[in-house]
Amino acid sequence: MRSTRRCSRNGCPRQAVATLTYVYNESTAVVGPLAAFAEPHTYDLCEPHARSLTAPRGWDVVRHEGEFEPPPPTTDDLVALAEAVREAARPAPRPPSDDESHLSSGQQTGRRGHLRVIPPNH
């Protein structure tokens, strides 16, 4: 199951049901049904914020007149598969062994996933 998108307003924990898009060259704010994908220049809004949105003086607000409904649950198995692969790919934490954590000079090496940082020889 995919994670639900939340309202873009700071501190609002509600589920998003509408998308706000600004059309700057027409001085218009458009509030419509929730877009299929989150876009970088749009804002997801919950129903109370979608209904109460106001625009700056001189701007128009075009608002969807129907009901704002939460998106239906996804049946996309590809999303679930991708999330399962990401979870399985996370390395399990393990304590460093003596030969990995110390060099003969007493300096430590660092380990980040599959990479190992070795300090330069002096």
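Is Thr28 buried or exposed? Thr28 is buried, at a relative accessible area of 9%. Buried means under 20% relative accessible area, exposed means over 50%, and partly exposed lies in between (1.4 Å probe, protein chains only).

This is a predicted model, in which local features need pLDDT of at least 70, side-chain atom pairs count only at pLDDT 80 or more, and totals for chains, interfaces and linings use all residues. Residues are numbered from 1 along each chain as its sequence is written, and side-chain values use heavy atoms, with hydrogens and water left out.

**Thr28**

Thr28 sits in strand S2 (residues 28–33). Helices (H or I, at least four residues) and strands (E, at least two) are DSSP runs, numbered from the N terminus. The Thr28 side chain reaches the backbone oxygen of Glu26 at 2.9 Å. Not counting residues up to four places away in sequence, Thr28 touches Thr21, Tyr22, Val23, Trp59, Asp60 and Val62. Contact here means heavy atoms within 4.5 Å.

**Aromatic pairs**

The model holds four aromatic pairs. Rings of Phe, Tyr and Trp (its six-membered ring) pair if their centres lie within 6.5 Å; planes under 30 degrees apart count as stacked, over 60 as edge-to-face and the rest as tilted. Tyr22 and Tyr43 form an edge-to-face pair, 6.2 Å centre to centre with 70 degrees between the planes. Tyr22 is in strand S1 (residues 18–23) and Tyr43 is in strand S3 (residues 42–45), so this pair ties together parts 21 residues apart in sequence.

Tyr22 also pairs edge-to-face with Trp59, at 5.9 Å centre to centre and 85 degrees between the planes. That pair links distant parts of the chain: Tyr22 is in strand S1, while Trp59 is in the loop between helix H1 (47–52) and strand S4 (60–63), 37 residues apart. One aromatic cluster is formed by Tyr22, Tyr24, Tyr43 and Trp59.

How accessible are three of these residues?

| Residue | Relative accessible area | Class |
|---|---|---|
| Tyr22 | 28% | partly exposed |
| Tyr43 | 38% | partly exposed |
| Trp59 | 24% | partly exposed |

**Cysteines**

How many disulfides does the structure hold? It holds zero disulfides. A disulfide is a pair of cysteine sulfur atoms within 2.5 Å. For Cys7, the closest cysteine sulfur is in Cys46, 3.8 Å away, so the two are too far apart for a bond. Cys46 is in no disulfide either, and its nearest cysteine sulfur, that of Cys12, is 3.7 Å away. Cys7 is buried at 7% relative accessibility. Cys46 is buried at 1%.

Technical notes
Polar contact = N/O pair within 3.5 Å; in protein donor to acceptor, adjacent residues only side chain to side chain.
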